[in-house]
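Please look over the chain shown below before reading on. The notes that come after it are meant to be read side by side with the sequence and the coordinates.

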Amino acid sequence: MEEYKLDGLTIKEHLLHLAGQGNKSFAESLNPGVEHVLGIRVPDLRKLALRIAKDDWEVYLDSADTYYMEERMLQGMVIGCIRPDDDIEVYLHRVTCFVSIINSWSVCDTFKFGGGKKFVEANKRQLWEYLKTWMCADKEYEIRFGVVMAMRYFGEEAYLPEFLQLCDKIHHEGYYVKMAVAWALSVYFIKYQDKVMSYLDNNNLDNFTYNKTLQKIIESYRVDNDTKKILRDMKRK
């Protein structure tokens with residue numbers, strides 16, 4: 001298949017040009033152990049994704065490479081810029097293909113569903129079930145994808161009990177899984193303090209994830225000092 005081009009240049013050529021305006025060493029420090037990082041700034045990647053989404057984006061996705069971390073990020077961003085297919089399963093298949101190439105938290109966390117709030121609200125049930133499958137998956141970044149996207153799109157109290165149940169069943173040793181769960185629980189704590197506190201009093205989280213959750217909550221300026229004192233006393237040895 002012929003390689004996709006934009007303005008007569010391949011996407012790799014566009015990315016190498018943008019890399020000159022980025023910060024490779026900083027990006028590498030944020031993604032330890034990830035190979036082939038260019039250090040392109042996220043706003044520049046999103047601008048490129050939007051241009052592709054307005055062009056022959058299907059040709060791009062069919063021929064896109066994954067050598068550089070930013071090539072992976074770009075694919076997710078393009079999927080987040082296009083109008084979702086009328087058949088949601090077709091669109092979710094595109095998302096699943098993207099999830100399979102996630103190799104860092106940066107690639108994972110920069111993803112957004114296309115169609116904005118309108119799309120999410122119109123397909124709430126299907127998207128929730130879809131993300132639940134990733135939260136119950138086996139691989140580190142698959143689980144992180146499920147946790148982070150559930151936190152991002154399903155922050156309503158109605159989903160909290162099941163979200164907590166799902167988190168309680170995650171027993172993966174991956175660092176970025178543990179950090180995602182801790183991050184999500186700290187976000188939910190701000191909104192639903194009593195219910196999340198009750199969960200923290202009785203849970204099956206591993207010690208690292210549990211203590212990291214407490215740490216993230218304590219670091220929040222939206223939590224009062226009395227609550228922070230209680231949380232400090234809850235830390236596991």
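The model is predicted rather than determined by experiment, and local features are reported only where pLDDT is at least 70. The largest pocket has a volume of about 250 Å³, while the largest cavity has a volume of about 60 Å³.

**The largest pocket**

- The lining of the largest pocket is made up of 16 residues, and of these F26, A27, L30, I40 and V42 are the ones that lie nearest its centre.
- Three helices, α2 (24-30), α5 (69-81) and α7 (105-109), each contribute at least two residues to the lining of this pocket.
- Sorted by class, the lining of the largest pocket comprises eight nonpolar residues, together with five polar and three charged ones.

**The enclosed cavity**

- Rolling a probe the size of a water molecule over the atoms shows where empty space is left.
- With a threshold of 30 Å³ or more, the count of cavities comes to one.
- The residues that line the largest cavity are C167, I170, H171, H172, V177, K178, V181, L205, D206 and T209.
- Helix α12 (residues 175-191) gives the most to this lining, with three residues.
- By class, the lining of the largest cavity holds five nonpolar, three polar and two charged residues.

- Within helix α13, which spans residues 193-201, the residues V196, M197, Y199 and L200 are buried. Around the helix axis these residues cover an arc of only 155 degrees, and they therefore lie on the same side of α13.
- An α-helix has 3.6 residues a turn, so residues three or four places apart point the same way.
- D194 and D201, by contrast, are exposed and sit on the other side of α13.
- The buried residues of α13 are covered by elements that include α11 (160-168), α12, α14 (207-218) and α15 (225-233).

- S220 is found in the loop between α14 and α15.
- When neighbours within four places in sequence are left aside, S220 is in contact with I190 and K228.

**Positive phi angles outside glycine**

- D7 has a phi near 60 degrees, which is a positive value in a residue other than glycine. D7 belongs to the loop between β1 (5-6) and β2 (9-10), and with a relative accessibility of 56% D7 counts as exposed.
- H36 likewise has a phi near 60 degrees, a positive value in a residue that is not glycine. H36 is placed in the loop between α2 and α3 (42-53), and at 32% relative accessibility H36 counts as partly exposed.

**E3, in the segment before β1**

- E3 is located in the segment before β1, where E3 is partly exposed with a relative accessible area of 42%.
- Not counting residues up to four places away in sequence, E3 touches T10 and S63.
- How far apart are E3 and W105 in sequence and in space? E3 and W105 are separated by 102 residues in sequence and by 27 Å in space, taken from C-alpha to C-alpha.

Notes. Residues are numbered from 1 along each chain as its sequence is written. This is a predicted model: local features need pLDDT of at least 70, side-chain atom pairs count only at pLDDT 80 or more; totals for chains, interfaces and linings use all residues. Side-chain values use heavy atoms; hydrogens and water are left out. On a 1 Å grid over the protein atoms alone, a cavity is a set of points where a 1.4 Å probe fits but cannot get out, and a pocket is an open set with protein on both sides within 12 Å along at least five of seven lines; lining residues have an atom within 4 Å of a point. Grid points are joined across faces, edges and corners, and a volume is the space filled by probe spheres set on the points. Helices (H or I, at least four residues) and strands (E, at least two) are DSSP runs, numbered from the N terminus. Ala, Val, Leu, Ile, Met, Phe, Trp, Tyr, Cys and Pro count as nonpolar, Asp, Glu, Lys and Arg as charged, and the others, Gly among them, as polar. Buried means under 20% relative accessible area, exposed over 50%, partly exposed in between (1.4 Å probe, protein chains only). The arc is that of the directions from the helix axis to the C-beta atoms. Contact means heavy atoms within 4.5 Å.
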